[in-house]
Each structure stands twice: as structure tokens, then as C-alpha cells.
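Me: Could you take a close look at the aromatic rings here and tell me what they pair with? I'd enjoy one connected walk through them.

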Number of protein chains: 8
Amino acid sequence: MKNVNEIGVLFDHARPGRIGLPEAVFCQGKHISVLEKLLREFSAETERPILFTRLEPEVFEKMPAEVQDGVNYHAVSRTAYARTLPSRPGARVAVISAGSADAFVTWEAARTLEYMGIEHTVYEDSGVAGLWRLASRIEEVNKHQVVIVVAGLDAALASVLGGLTPKPIFAVPTSVGYGQALGGATALNSMLVSCAPGIGVFNIDNGYGAACAAARVLNLFQ
Amino acid sequence: MKNVNEIGVLFDHARPGRIGLPEAVFCQGKHISVLEKLLREFSAETERPILFTRLEPEVFEKMPAEVQDGVNYHAVSRTAYARTLPSRPGARVAVISAGSADAFVTWEAARTLEYMGIEHTVYEDSGVAGLWRLASRIEEVNKHQVVIVVAGLDAALASVLGGLTPKPIFAVPTSVGYGQALGGATALNSMLVSCAPGIGVFNIDNGYGAACAAARVLNLFQ
Amino acid sequence: MKNVNEIGVLFDHARPGRIGLPEAVFCQGKHISVLEKLLREFSAETERPILFTRLEPEVFEKMPAEVQDGVNYHAVSRTAYARTLPSRPGARVAVISAGSADAFVTWEAARTLEYMGIEHTVYEDSGVAGLWRLASRIEEVNKHQVVIVVAGLDAALASVLGGLTPKPIFAVPTSVGYGQALGGATALNSMLVSCAPGIGVFNIDNGYGAACAAARVLNLFQ
Amino acid sequence: MKNVNEIGVLFDHARPGRIGLPEAVFCQGKHISVLEKLLREFSAETERPILFTRLEPEVFEKMPAEVQDGVNYHAVSRTAYARTLPSRPGARVAVISAGSADAFVTWEAARTLEYMGIEHTVYEDSGVAGLWRLASRIEEVNKHQVVIVVAGLDAALASVLGGLTPKPIFAVPTSVGYGQALGGATALNSMLVSCAPGIGVFNIDNGYGAACAAARVLNLFQ
Amino acid sequence: MKNVNEIGVLFDHARPGRIGLPEAVFCQGKHISVLEKLLREFSAETERPILFTRLEPEVFEKMPAEVQDGVNYHAVSRTAYARTLPSRPGARVAVISAGSADAFVTWEAARTLEYMGIEHTVYEDSGVAGLWRLASRIEEVNKHQVVIVVAGLDAALASVLGGLTPKPIFAVPTSVGYGQALGGATALNSMLVSCAPGIGVFNIDNGYGAACAAARVLNLFQ
Amino acid sequence: MKNVNEIGVLFDHARPGRIGLPEAVFCQGKHISVLEKLLREFSAETERPILFTRLEPEVFEKMPAEVQDGVNYHAVSRTAYARTLPSRPGARVAVISAGSADAFVTWEAARTLEYMGIEHTVYEDSGVAGLWRLASRIEEVNKHQVVIVVAGLDAALASVLGGLTPKPIFAVPTSVGYGQALGGATALNSMLVSCAPGIGVFNIDNGYGAACAAARVLNLFQ
Amino acid sequence: MKNVNEIGVLFDHARPGRIGLPEAVFCQGKHISVLEKLLREFSAETERPILFTRLEPEVFEKMPAEVQDGVNYHAVSRTAYARTLPSRPGARVAVISAGSADAFVTWEAARTLEYMGIEHTVYEDSGVAGLWRLASRIEEVNKHQVVIVVAGLDAALASVLGGLTPKPIFAVPTSVGYGQALGGATALNSMLVSCAPGIGVFNIDNGYGAACAAARVLNLFQ
Amino acid sequence: MKNVNEIGVLFDHARPGRIGLPEAVFCQGKHISVLEKLLREFSAETERPILFTRLEPEVFEKMPAEVQDGVNYHAVSRTAYARTLPSRPGARVAVISAGSADAFVTWEAARTLEYMGIEHTVYEDSGVAGLWRLASRIEEVNKHQVVIVVAGLDAALASVLGGLTPKPIFAVPTSVGYGQALGGATALNSMLVSCAPGIGVFNIDNGYGAACAAARVLNLFQ
């Protein structure tokens with residue numbers, strides 16, 4: 001029986017120079033032996049740090065102890081890295097979520113920012129069914145340079161927030177919910193047709209992408 | 001060529017006694033000669049008033065003058081009736097819409113209430129991209145017994161309002177918008193998965209249905 | 001490995017005062033350690049009772065005995081609470097289902113009513129393939145103030161019932177069925193386009209929501 | 001500019017012998033010059049009668065008078081034929097519709113039966129929002145050998161009827177309705193998942209197909 | 001923890017008299033303790049036989065030996081019954097499938113016929129990618145009174161067969177396939193729009209329904 | 001009011017050298033003044049012939065006579081060109097369609113082949129509801145090097161043909177049909193999941209694409 | 001017949017101060033008399049300029065000459081304004097489109113930028129089927145601060161460009177194409193799942209939204 | 001309990017003679033006992049080799065050692081065969097994939113070619129987010145007679161490649177990705193509407209089908 005990790009991989013190490021964003025390894029769907037190999041390789045590597053996303057706790061727990069010890073793993077966000085990129089001082093990103101159930105995406109965004117050396121603040125559970133939550137935070141949020149909003153279900157937070165901030169705003173729908181939440185498609189579509197103008201939208205659960213978009217904005221300051 | 005209005009129709013005149021709601025004629029898709037016949041018949045009829053919905057201005061304008069004069073027609077809502085039902089004093093319904101583009105549905109609800117003799121107030125253009133609009137009206141809205149909310153696009157108004165009122169709340173998505181508004185399906189799904197609990201939802205553009213639901217609640221007071 | 005229950009939660013304890021409905025914890029998708037913590041916290045709490053929904057038997061059975069003993073758990077409806085809200089005498093709600101397979105939703109509605117102190121009667125297995133079932137019950141059903149109808153598949157019960165009762169009627173589609181039942185979307189759409197007017201519709205399997213809508217109506221009597 | 005009616009057509013005149021059903025011409029989408037040519041050809045033809053379906057009044061009215069006079073045209077059903085097939089005595093088909101808006105499909109079925117020489121009775125406007133309509137007719141309906149049910153919206157009539165008749169029952173969903181009626185897909189899906197067993201379903205608006213299915217059953221008696 | 005089998009069930013034992021079809025128990029989604037109870041009850045029952053459908057081998061194998069011994073179980077079709085209905089001599093049904101992967105549906109239809117005492121012949125693996133398979137069987141197939149065709153993927157067999165038989169023909173799409181087979185929706189839609197006229201279509205994988213439709217035709221002969 | 005034909009266009013005249021296929025102008029959605037300008041330009045041009053596709057008769061008829069005279073226009077296929085490419089002798093393509101309603105696609109493929117100088121034969125109306133049509137032609141079809149099959153509705157012809165020819169086979173679904181034909185998506189999906197292996201599928205109504213695919217195969221012979 | 005322009009409108013003139021973006025009037029679906037009134041009002045208004053989007057040429061041409069003369073109208077982009085906002089020097093935006101058919105969206109973005117006083121360059125017809133088009137422009141594009149990419153069909157341009165620029169990149173799918181282009185949904189989904197990270201996506205055809213997002217980024221520089 | 005492998009199977013051993021392609025066994029969904037029987041039968045068989053596709057490692061590992069030893073199994077592609085068909089020298093096929101996550105499809109195509117005796121080269125990880133990967137390989141790719149392109153997500157590789165090669169090109173979308181990747185439907189649709197002409201598309205994950213299409217082209221050379 002042929003080995004499953006014979007698959008050809010070509011890392012794009014020129015990418016940071018070209019687009020200002022590092023490569024990442026999307027772990028979902030990759031065989032555990034491939035992931036173990038990559039985790040070992042990149043935790044030993046000091047020149048080119050790399051971010052692992054969608055690395056499920058069930059998978060990570062099966063790794064040998066020395067592999068687990070070699071990286072900084074965060075279970076809620078399902079991310080891992082051995083070391084972060086140099087910090088980018090000055091600019092800051094606010095990450096706001098509608099509910100605690102959105103945490104796996106909220107923290108994927110936050111951890112990607114952390115990995116890229118970008119300062120950020122996380123504001124969870126700010127959904128509009130209780131508007132006072134958002135009202136008490138908006139002034140502070142507007143002190144950041146970029147706003148990432150994470151929401152599932154009706155994603156009403158994105159529209160309300162879009163009407164309260166002049167900052168670049170990136171919205172990530174989440175797959176939270178059942179029935180007509182449609183695995184996140186309802187939140188996605190609500191964000192795309194939001195009555196508040198100028199909101200850039202990302203794929204369902206793609207906290208990583210929104211963090212990269214924030215980094216693209218921060219590239220302008222460097 | 002056989003006549004198009006030979007189609008068999010059986011009016012359900014026992015319906016008011018059975019469910020407290022009068023019959024209505026849904027005009028869309030009916031041949032103009034059928035509509036003319038029905039408009040004549042029911043404007044002459046004094047015992048059993050009837051409501052005509054989805055009667056397009058383009059169609060109504062083609063009717064003979066005496067048919068036009070025989071009914072009270074309202075172009076925005078596309079409704080007509082010869083006379084209203086007896087008024088039901090005491091209870092009141094608030095009809096709130098997100099934008100002026102939702103007017104055809106907002107007023108279908110309002111006119112159906114008017115036809116059923118139910119007092120109501122209309123609050124248009126209360127969308128959440130400018131939260132101050134809703135904030136300035138919520139106290140007054142909560143003085144009504146039932147709230148009907150009409151919204152297209154992301155329908156975020158329904159969720160915000162659902163978190164601010166303890167009243168029975170009926171939500172009507174509208175087909176306003178383009179692209180991922182999906183002809184109103186995005187608004188519909190947002191309302192169905194709203195983070196605010198206890199909101200009864202209706203078919204896209206069905207202002208008539210929400211008014212009937214309000215009437216069912218008011219039936220309890222009589 | 002960071003702890004999964006560090007996620008930020010902000011309970012909206014002002015909600016009952018604002019909208020007349022208590023907060024609930026939607027358990028699906030929450031980590032078992034988070035749920036255990038919340039169950040402990042709220043069974044000790046006597047001031048602010050809370051309802052747990054979508055708490056699967058497989059999950060509940062894994063809780064320590066003292067946590068299980070601290071709450072009133074109901075396996076069919078997958079709900080739990082430590083104590084109910086004060087009873088609201090006078091008004092009563094009928095909960096009618098099409099088939100026994102809809103029980104998980106039927107009883108979610110019934111248990112939510114029980115938790116909110118609202119009197120109710122449950123009529124299961126009243127589907128229209130055998131019309132005699134419904135016929136024998138309709139007079140009794142009409143003695144209630146609000147009617148909740150629960151049905152999957154073609155949801156024909158909602159339309160038939162809507163033509164036989166003048167009461168506020170809230171319809172919950174269920175995910176029962178296979179193939180073109182489309183996980184409940186067919187039942188949902190059938191309810192939305194029902195030929196019987198004034199039926200408020202809820203998300204698929206959302207018995208909790210319909211019970212909250214009934215409570216909003218009963219708020220009018222207090 | 002090349003002529004549009006040069007398209008190659010191969011009539012399948014052996015079909016009646018093979019499957020007991022005659023050929024038909026589906027007119028929608030065919031160029032008016034093609035239709036005129038076919039109408040002339042088949043009204044002159046006495047050996048092989050043919051049925052024209054989906055022939056819109058707007059199109060038929062543009063035909064020369066002698067072409068119009070050469071066929072029996074029925075505007076509601078949009079069908080035409082020059083002569084019918086020999087009558088098939090003995091067996092009878094009931095065609096029942098939910099509403100008068102379904103007439104274009106109801107009568108397509110009825111006219112196809114008429115063309116095939118099959119006795120039939122039409123019962124329109126029998127929808128379940130007023131159950132008394134169906135109740136007063138069911139005994140008579142059950143005296144027919146085959147039942148065709150035509151309904152749009154929630155198609156609840158199909159389920160109710162399926163629980164009241166032991167006859168072969170063929171259901172045709174119609175495109176009547178708006179919003180979540182989804183152009184007839186909701187009615188179609190409701191019929192497919194009906195709680196009443198043994199109902200054969202046809203494409204949206206395909207009254208012709210259901211009449212052919214009835215003819216297949218009647219083939220057994222000859 | 002409340003017992004899961006307290007759910008209210010009302011068997012419709014008057015159904016055979018009313019529509020000529022016996023009741024069946026759809027097992028999927030029912031709790032194993034409920035199924036065990038029903039299997040015991042109906043294997044003891046001699047007056048009213050009942051058919052169990054969608055009873056998975058994994059579930060049946062967990063039943064106590066005496067319950068397993070009390071019924072005639074068939075793993076491919078996932079059906080069980082304690083005894084069949086009286087045989088209905090004279091009429092015969094052909095069940096034809098496109099591929100061996102469709103067997104779970106093919107045999108659900110066949111077993112339902114067996115249970116209802118209807119003679120039948122099964123022709124598997126007759127797909128049109130090798131037309132010779134069907135060609136060699138068509139003459140024999142046409143000696144039956146009713147034809148049931150079972151096919152997944154493109155369901156081309158239904159169209160080809162519909163052009164070769166004058167008999168009532170009932171088509172069941174199957175969920176066989178991947179990707180754009182869409183869980184059977186492609187086969188379903190292909191059957192609904194088939195170029196061969198008069199084919200009644202059933203829900204995806206609903207072999208039971210097609211057998212009931214065949215029984216409705218055979219009701220005419222008794 | 002700014003002129004609508006100021007839009008920037010960059011023709012890819014290097015394309016034939018790179019991929020062996022000439023550029024084409026897709027006319028649908030282009031403003032009539034833009035089309036007139038392009039038709040004039042390319043009918044004067046002798047070096048670089050170009051193909052116009054989706055040029056509706058209603059649009060073409062509005063062009064000045066000298067523009068109409070400058071090109072070879074074919075109304076059924078909605079194509080135009082001033083001159084063809086040099087003929088490619090030797091290889092031949094068969095274009096087979098299921099029905100005469102598919103002609104607009106059938107002939108788009110044929111005309112594109114003609115424009116590219118490729119010999120071809122067209123076989124229309126070969127649908128499988130009457131298998132004799134295909135049977136009488138299959139031997140002749142197999143004398144061509146490439147087969148293009150055009151079909152709407154259930155697209156069963158593609159599967160049957162795929163089981164009868166060893167040649168490269170390209171399948172084009174058409175938007176012919178109503179209801180669950182879903183504007184050609186049912187035909188498309190049927191072709192994609194066909195039980196006959198090795199069929200390359202094209203976008204709905206894309207006869208042009210299939211002809212280009214045939215040309216890619218014929219590129220191998222030159 | 002009541003007047004159609006009695007609908008309540010509440011302009012949000014505080015919006016620029018709150019979110020740095022001016023209000024716009026979305027004209028599609030608004031009655032021509034409403035549009036005429038608004039165009040008159042805002043061309044007279046010198047304090048608060050406003051942008052009109054989706055103002056179709058067919059509608060604009062019906063306006064009285066003095067209304068037409070009062071605004072700067074651009075037919076391709078369907079936009080109008082009486083005067084622009086003060087120019088914002090320094091920062092520049094590149095607008096790149098895949099094909100000339102995307103022009104109505106490309107220019108909606110460009111005109112919105114022009115109206116907001118933002119410098120920009122438009123690069124049309126840069127699709128990847130001829131990669132040389134993009135290659136020759138990429139260096140120049142990267143001299144801008146923000147990149148807007150407009151593409152329909154497969155939207156491959158967004159992915160290729162995302163891998164070649166470190167700038168904030170906003171992608172607008174267009175409704176160009178037929179069949180499986182699905183009115184722009186295929187382009188939208190391709191952009192959302194692009195293999196190039198950090199691309200913010202907008203609703204189908206929403207060039208206005210992408211320009212607002214660019215303005216949000218430029219807000220950071222002021 | 002009846003045996004699950006009693007299902008009727010009719011192998012189409014005349015297929016190679018008829019269409020130049022051998023039969024294959026699609027293993028997914030088949031019972032393990034059926035697969036074991038078939039693997040034994042065909043590894044003993046020397047006259048008629050057969051290919052097994054979609055044979056999951058988890059299933060294969062449960063087979064007895066002698067069954068495992070009797071075939072050449074490849075885990076990534078999930079394929080097995082006992083012996084290959086005679087080699088077809090001369091023509092060669094390039095198989096190019098966008099990412100390493102597409103490997104299960106890439107290698108299904110490659111292994112099917114190997115089984116059919118067709119020379120081929122595999123180029124993995126050539127996605128367009130790093131265009132240099134494809135650029136460095138295109139000249140070599142164009143030395144093959146047929147190109148198979150395998151890509152998930154936005155499938156932009158297919159369009160870019162289609163603009164760089166004159167060879168027959170067959171595109172296979174993969175189910176790689178999450179959210180709006182829609183299980184491969186986005187990649188499929190992108191390929192169908194590609195701006196590069198003449199690309200034949202296959203079902204999601206159907207590497208086997210593309211290899212068969214390549215074989216149909218190579219049939220022309222023999």
C-alpha cells in the first residue's frame with residue numbers, strides 16, 4: 001500500500017516579498033502523517049515561520065509530545081505556530097463577534113493577527129439582540145485602524161457596526177446556527193447585501209482571510 | 001376561442017365566521033376580464049366587502065371609469081376595496097419598515113389593517129444603518145399591541161427591533177435588492193434565524209399575511 | 001493547549017424587563033466543559049432561572065451525577081432547567097403535531113411553555129393523511145388562546161388547521177423526512193405559502209421560538 | 001438571413017402503437033412560422049390527429065383566420081387540435097384543482113383527456129383552506145377510475161385527497177404563487193414527500209403528463 | 001431522565017378500508033427502544049399486519065433474538081414484516097433497476113409488493129450504457145400490468161423505458177452517485193422532465209411509494 | 001450623456017498562434033452601437049476573420065443594410081462571420097441533437113465548425129423516446145472523428161450515445177424545457193453524472209465551446 | 001388613485017460625519033416621478049451633494065431637459081451627480097476589469113471614486129485567458145494604494161491578481177455570462193474561495209460598495 | 001437475515017469492443033463482502049482485467065491478506081487493479097493539479113491512465129496564486145497530446161491553462177475547500193464558464209472520467 005504522504009508540495013516562499021503575506025498550511029483534509037511531518041519541519045525552521053490553520057484538537061492531541069511541545073497551539077482557534085513574525089507597531093485591529101458560539105472564527109482571526117505581529121483587541125458577544133453591548137464599546141472600537149466583524153445567523157451586527165464606524169471593515173460570516181442559517185450562507189448573504197456601505201466580505205468561517213485583509217491595509221503604513 | 005373567465009370559483013363566505021378573517025382576491029396572474037367582473041360584483045355588493053390585493057396600477061388604469069370610481073384604490077400598496085369592515089376600537093398595530101423601497105409591502109400591510117377596521121401607525125425608513133431613526137421611535141412603537149416589521153436586504157431591523165419590544169412581532173421580508181438579496185430569500189432567512197426570539201415570519205412581500213396575523217391576535221380581545 | 005472555555009460570554013439579564021422573555025442557552029456546538037460549567041452555575045442560581053435547549057442525551061449523560069441531579073432534564077425535547085418562571089394563569093396554548101416523529105420539536109415548544117409558566121395542552125399525531133384525527137380535536141383546540149402547529153414533510157396540517165381556527169397560529173416546520181423533504185425546507189416553504197392566511201412561521205425545528213411568540217401574545221394579558 | 005424553420009423534425013408516428021399515447025407538439029419556444037406550418041399541416045391531416053400544447057393566446061391570435069378556424073382552440077389551457085382520437089368508453093377520470101389560479105394546468109389535463117377520448121369531470125377550487133369544498137365532493141370523485149390533482153402553493157390538497165381515495169392518483173404541482181412558492185418547486189416537493197402514500201408526481205404545470213399517465217392506466221382496460 | 005418512548009402515536013387502522021393501502025412504520029429516526037416495542041407488538045398481532053421500512057441492519061442486529069426471530073427481515077431492502085397480506089392474484093408488476101447500486105430501493109419496492117400479496121418480477125442492472133441489457137428484457141417486461149423503474153445518476157433508463165412500454169410506469173430516483181448526482185436530485189429532475197410522457201415520479205429512494213402506487217392501480221381490478 | 005461605446009477592448013490576436021483557436025465576439029449584453037462598429041470593422045478586415053455568437057435576429061435586423069450584407073448571418077444559430085478560416089481537410093465531426101427545440105445550440109456548434117473550416121454532419125431530432133431514430137444513424141455517426149451531442153430536458157441521449165461510440169464525445173446541455181428542467185441545469189447534471197464514461201461537458205447552450213473542443217482534438221492531426 | 005411618491009423618506013445627512021461616506025440614492029425600483037423629484041432637489045442643493053446609482057439610460061432619457069441638464073450623467077455606469085465632493089489628494093485607486101462586458105460595474109466603481117474626489121486609474125479587459133494583458137500592467141497597478149478588481153464568469157482574474165499585489169484588494173463579481181455563471185454567483189463564490197488570501201468581496205455588480213471600501217481605507221490617511 | 005450480496009450484477013464485457021473503454025467497479029457504497037468477492041474474482045481473472053475505483057484505505061485494510069496481495073493498491077487515489085491493459089505507446093497525457101489537497105483526484109486520473117497503458121506525467125501544486133509554478137512548466141506540458149487539469153476552490157488554473165495550451169483539455173473540479181466552495185460546485189461552475197474556450201468538464205472528483213476522455217482521444221491514433 002503506497003504511502004499517503006508522497007504528494008508533491010511546492011511552498012511559495014517568495015510570497016511574503018510579493019504580496020506582504022506569509023504562507024499558511026490549511027490542515028483540514030490533510031492526512032495526519034503529512035501534518036506531523038510539516039509540524040516537525042517548521043518548528044525546527046527558524047528562517048521561515050509558518051501558520052497552521054484548521055488544526056483540530058482531536059488531531060493535535062494525537063501528535064507525539066515533542067511535536068506538541070514544538071509549537072504554540074490554541075484549541076479554540078485551531079491554530080498553531082512555532083514563532084511569530086516581527087511585530088508591526090503603531091496600527092491596531094479590533095475583532096468584534098456577535099456571540100460566544102462564533103469564537104472559533106473570532107480567535108482564528110485574532111491568532112492570525114498575533115502571528116503576523118499585529119496589535120489587536122477582541123470584543124466578543126456583542127450581538128444586536130442586546131444593543132447595549134455594542135453601544136458601550138463603539139467608541140473604543142473606533143480607536144483601532146481596522147475593524148473585523150465576526151457573526152453567524154442573521155449577521156445583523158455587521159450592518160449596525162457598518163453604520164457606526166468610518167474604518168475599513170471586514171466581515172466574516174460563521175457557520176453557527178441550524179435550519180435556514182444554511183451553514184453560514186444566510187450570514188454571508190446578509191453581509192453582502194448589508195444596508196451599510198463598503199464592507200468587504202469573506203468566505204464562511206474564514207477568520208484567517210479577514211486578518212490577511214487587515215494586514216494588506218497595514219502594509220500601506222510600512 | 002373559448003372565454004378565459006369560465007374558470008370555476010367558489011368563494012368561501014363562511015370564512016369570517018370560522019377564522020375571523022375575510023376572504024381576499026389575489027389579483028396577480030388573473031386575466032383582466034376576470035378582475036373587471038369581480039371588481040364590479042363586489043363594489044355593488046354591500047353585505048360582503050372584499051379586499052383586492054396585488055392589483056397593479058397598469059392593470060387598474062385599464063379598467064372603465066365607473067369600475068375605477070366604484071372602489072378605493074391605493075397605488076403604492078396595489079390594493080382596492082369598496083368599503084371596509086366595521087372598526088375594531090381599542091387595539092393598535094405599529095407597521096415599521098427599514099426603507100422607502102419597502103413601501104409596496106409596508107402599505108399592503110397598512111391597507112389590509114385599514115380594510116379590517118384596525119387602528120395602526122406606519123413608521124417608514126427606520127433601517128439600522130442609521131440607528132438614530134429607530135431609537136427616536138421605539139418608545140412610541142411600544143405603545144401599540146402588535147408590531148409588524150417590513151424589511152428587505154439583510155433585514156437587520158427585525159433583529160434589532162425584536163430585542164427592543166415585548167409585543168407580538170410579525171416580520172415580512174421584501175424582495176427589495178439585487179444579487180445575493182436573492183429576491184428576498186436573504187431577508188427571509190435572516191428573519192427566520194434572528195438572534196431575537198419569538199418573531200413570526202411571513203412569505204416574501206406578504207404584507208397581507210402579517211396584517212391577518214395581527215388580526216388573529218386582536219380576535220382575542222373581542 | 002489553551003482551555004476551550006475561556007470564551008467571553010455576556011449574559012443579557014436585562015432582557016426579561018425589556019422584551020418579556022428570559023435568556024436561554026443554546027447548547028448545540030458548545031463544548032461539554034462549557035456546558036457543565038453553565039449547568040452548575042445556573043442550578044445554584046435561584047434569582048435568575050435559565051432554560052437550556054438542544055442539550056443532547058448523549059451529552060447530558062456524560063455530566064457528573066450531581067450536575068444531572070441539579071436540573072430537570074427531558075430527553076425527547078433535549079431541554080433542561082433548574083426551576084421554572086412564575087406561572088401565568090388564565091391563558092392557554094395548544095401544541096399540535098402532525099406525527100410522532102416530530103416529537104423532539106413538539107416537546108421543545110411544550111417544555112419552553114412549561115418553563116415560562118404557561119398552561120398548555122399537547123396533541124400529537126394529528127396529520128391530515130387521516131383527517132379524523134384532527135376533526136375529533138378541533139373544537140377542544142379552539143378553546144386555547146394560541147395555537148402552535150408542528151409538522152414536517154408537506155406540512156399540510158398547518159394549512160388545514162389555519163382554515164379551522166381564528167386564534168393566533170404559529171407554525172414550526174421540522175427536519176423530519178428524506179429526499180425532497182430537504183431537511184425541513186419543504187415544510188418551511190409550504191407553511192410560508194400556505195393558502196390559509198395569517199400564520200407566523202419559525203425556523204426549522206425551532207419549537208423554542210414558537211413558544212416565545214406565544215409568550216409575546218400572552219404578555220398582552222398582563 | 002437563413003430561414004428559421006429549416007430545422008429537422010422527425011415525427012414519431014409509430015409511438016401510439018408502441019406506447020398507446022399519441023405525439024404532441026410542445027409550442028413554447030417554437031418560432032411562430034414553424035407553428036403556423038404545423039397547424040396547417042395537421043388540420044389538413046385526417047389520419048394522424050395531433051395535440052398542440054402551450055400554444056399561447058398571444059401567439060394563436062396572430063395566426064391567419066383560416067388557420068385559427070382549422071382547429072379547436074381553448075385559451076385557458078392553451079391547447080389546440082383539429083380532431084380528437086376515438087372515444088374510450090367505460091373508464092372515467094376526475095380532475096380536481098386547489099384554486100381557480102391553477103386553471104391553466106387543470107384544463108391542460110382536461111383537454112388532453114378530451115383529445116384522447118377519455119371521459120372526465122373537472123372539480124375546481126377545492127383547496128383545503130375551506131375543507132367543506134372537498135368534503136362535499138369526495139364521494140363523487142371516488143366514482144372515477146383515476147384521480148388527477150392539480151395544486152400550487154403548499155399543495156396540501158394532494159395529501160388530504162391521498163388519504164381519502166383508494167384510486168390511482170396523479171399530482172401536478174403548479175407555478176402559481178410568489179416568493180417561497182419558488183415557481184412551483186414548493187408544491188412539487190410537498191407532493192413528493194406527502195404523508196399520503198402512492199401518489200405519482202409530475203413536472204410543474206405538466207397537466208399533459210398526468211393525463212398521459214391516466215391514459216396508461218386506461219390502456220389496461222382495452 | 002424522561003423516557004424517549006412516551007411519544008403519542010395514533011395508528012390509522014381504518015386506512016386500508018379507506019384507501020386500500022395498509023399502514024407502515026418508517027423506522028429511520030425512531031429510537032431503538034420504540035422500534036423494539038413496535039416490532040414485538042406487531043409480530044404478536046395477527047389481525048393487522050404491518051410493514052417496517054428503513055430498518056437498518058445495524059439497528060436490527062441490536063434487537064433481542066426473539067424479536068429478530070419474530071419477523072421476516074430483508075437486509076438489502078431494510079424491510080421487515082411478521083406476515084403478508086392476502087395475495088392478490090392475476091395482476092403482476094415489473095421492477096426494473098438501472099444498476100446494482102440501486103438495490104436498496106429496488107428491493108424496497110419488491111418487498112412492499114410481496115408484503116401486499118402482489119406478484120412481481122425484478123430485473124436488475126438494466127442501465128442504458130449497455131442497451132442490450134434492456135433490449136433483451138423489454139418484451140417480457142411488457143407482459144406485466146405495471147412497471148416500476150428504479151434509477152440513480154442520470155436516470156436515462158426511465159426515459160428509454162417510457163418510450164418502449166404502454167403500461168402505467170412509476171419511476172423512483174435513487175440517491176446513488178456523488179457530486180452533481182446531488183443525492184438523487186439529478187435523477188429526480190431527469191425523470192420529471194423525461195421526454196417520454198406519462199411517467200409518475202416518487203421521492204428519492206421511495207421504493208415503498210411506487211409499490212403503493214402500483215397497488216392503487218391493482219385496486220381497480222378488485 | 002456619455003457614449004456607451006467608449007469601453008476599452010483589447011483583442012487577443014495572438015490567441016490562434018498560442019492555442020489554435022480564433023477569438024470570437026459574444027454579442028449578448030453588448031450595446032447595439034458597439035456591435036455595429038465591430039461588425040463593420042471585421043467585415044472590412046481580411047487578415048483576421050472573427051466569429052460573432054449570440055447575435056439575436058431582433059438585433060441583427062436593426063443593422064443598416066450594408067452591415068447586414070457584409071456578413072454571412074444564420075438566424076437559428078445566431079452567428080455571423082464575414083469569412084471562414086482555411087478548411088482543415090481529413091477530420092470530421094458529427095453533431096447530434098435530441099430534439100428540434102435544441103436547434104439554436106446544435107447549429108451554433110455546426111456554424112462554429114463551419115467557420116473554423118472543419119467538415120461536419122448534423123443529425124437532429126435523435127432523442128431516445130424513439131430509439132429507432134438513433135439506431136438508424138449510429139453506424140454513420142461512428143465514421144466521424146469527434147461526436148458532439150446536444151440535448152436538453154433529461155439529456156438521456158448523451159448517456160445512450162456514450163455507450164455506443166468509442167470517439168471523443170462532447171456534450172452540450174440546452175436550456176430547453178420548463179419547471180424542473182431548471183433552465184438546463186438538469187440536462188447539465190445528467191450529463192456530468194452519466195453512466196457512460198469519458199464524456200466532456202460544456203456550459204448550458206454552449207455549442208461554441210464544444211466546437212472549440214473538437215478543434216482542439218483536430219489540432220493534434222496538423 | 002393615490003400618488004406613488006407619498007412614501008416617507010428620511011435622509012441620513014449625519015452619515016458622512018459618522019462613517020466618512022456620503023449617502024447615495026439607489027434608483028432601481030423607484031418610480032420615475034420620485035426620481036425626478038429627487039434629481040431636481042439635489043441638483044439645486046449645493047451643501048449636500050448626492051450620488052445617484054443604477055439610474056438606467058431608458059429612465060434618464062425620459063426626464064425633462066432641465067433635469068437632465070442639471071446633473072452629470074454617465075450612461076455606461078448608470079450614475080449621476082450634480083457636483084462631486086472635495087478632492088482627496090495623495091492616495092490613488094486602481095480599478096481593473098476582466099472584460100469589456102464588465103464595464104457597467106467597472107465604471108460604477110470609477111464614477112463613485114470620482115464623485116468622492118478620489119484619484120483613480122481604470123484598466124479594462126485584463127482577463128487571464130490572455131495573461132500578457134495583466135502582465136504588462138501589474139507594475140503600474142502596484143503603484144496605487146488600493147486595488148479594485150471587477151470580473152464575471154470564473155473571476156480567475158481576482159485570484160491571479162491577489163497573488164501579484166500586496167495592496168488592499170476589493171473584488172466585485174459581475175452578473176455577466178449565462179448558464180452556470182448563475183447571474184454572477186459563480187464569480188462571487190470563486191472570489192470568496194480564492195486561493196489568494198485577504199481579498200474582500202462585494203455583492204454581485206456592486207461597484208459602488210467597493211469604491212466605498214476604498215474610501216474607508218483612504219479615511220485612514222486623513 | 002438475507003445476504004447482502006445476492007444483488008444481480010451484469011458485467012458489460014462487450015464494452016471495450018464497443019467504445020474502447022474497459023469496465024470499472026465503483027466501490028463506494030458497495031458492501032465489503034461484495035467488494036471482497038469481486039476483488040478475488042478479478043485478481044484470479046487473466047483475460048479481463050478490471051479497475052476498482054473509490055476503494056477507501058479503511059475498507060481495503062479490512063480485506064484478508066491474500067486479497068490485498070492479489071492486487072496493486074494505491075491509497076491516495078483509492079484505486080486497485082490486478083494487471084494493466086496493454087500499453088498504448090506514442091501518445092502522452094499531462095495531469096496538472098492546482099494544489100496538493102487535490103491529490104486524491106489527480107492520482108485517480110493518473111492511475112486510470114496507468115491501468116489503461118497510457119504514458120503520462122503528473123505536475124502537482126501548480127495553482128495560480130503563485131504563477132511562477134505554472135510558468136516554469138507550461139512548455140513541457142505542451143509536449144503532451146492531452147492535458148487533464150485538476151483543481152478545487154476557484155479553479156482558476158483551468159482558465160489560465162486553457163489560454164496557454166492548444167491541446168485537448170479536460171478539467172476535473174475537486175471537492176476541496178469549505179463554505180462557498182460548496183463541495184466542489186464552485187470549481188465546477190468556474191470551469192464550465194471559463195473564459196478560455198473548448199474545455200470539457202467532468203463531475204466533481206471524477207478523475208476516472210477525465211482519463212477515459214483522454215483515452216477516447218487516443219483511440220483516434222490506433
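Reply: Happy to! In this predicted model, C:Arg54 sits over the face of A:Tyr178, 3.9 Å from the ring centre. B:Arg54 likewise lies over the face of D:Tyr178, with 3.9 Å to the centre of that ring.

Searching the whole structure gives 48 aromatic pairs over all chains. One of them joins E:Phe60 and E:Tyr73: the ring centres are 4.0 Å apart and the planes make an angle of 15°, so this pair counts as stacked, the cut-off for stacking being planes under 30 degrees apart. The two partners come from distant parts of chain E, 13 residues apart, with E:Phe60 in helix α3 (residues 57-60) and E:Tyr73 in strand β3 (residues 72-74). Both E:Phe60 and E:Tyr73 are buried.

A second stacked pair takes us across a chain boundary. F:Phe26 and G:Tyr178 have ring centres 5.5 Å apart and planes at 10°, which is why they are stacked too. F:Phe26 belongs to strand β1 (residues 24-26) of chain F, while G:Tyr178 is in the loop of chain G between β8 (169-173) and α9 (185-192).

How values were computed:
Residues numbered from 1 in each chain as written. Chains lettered and ligands numbered in written order. Predicted model: local features only at pLDDT ≥ 70, side-chain atom pairs only at ≥ 80, totals over all residues. Heavy atoms only, no water. Phe/Tyr/Trp six-rings, centres within 6.5 Å; stacked < 30°, edge-to-face > 60°. Helix = DSSP H or I, 4+ residues; strand = E, 2+ residues; numbered from the N terminus. Buried < 20%, exposed > 50% of the residue type's maximum accessible area, 1.4 Å probe, protein only. Lys NZ or Arg CZ within 6 Å of the ring centre and 35° of its normal.
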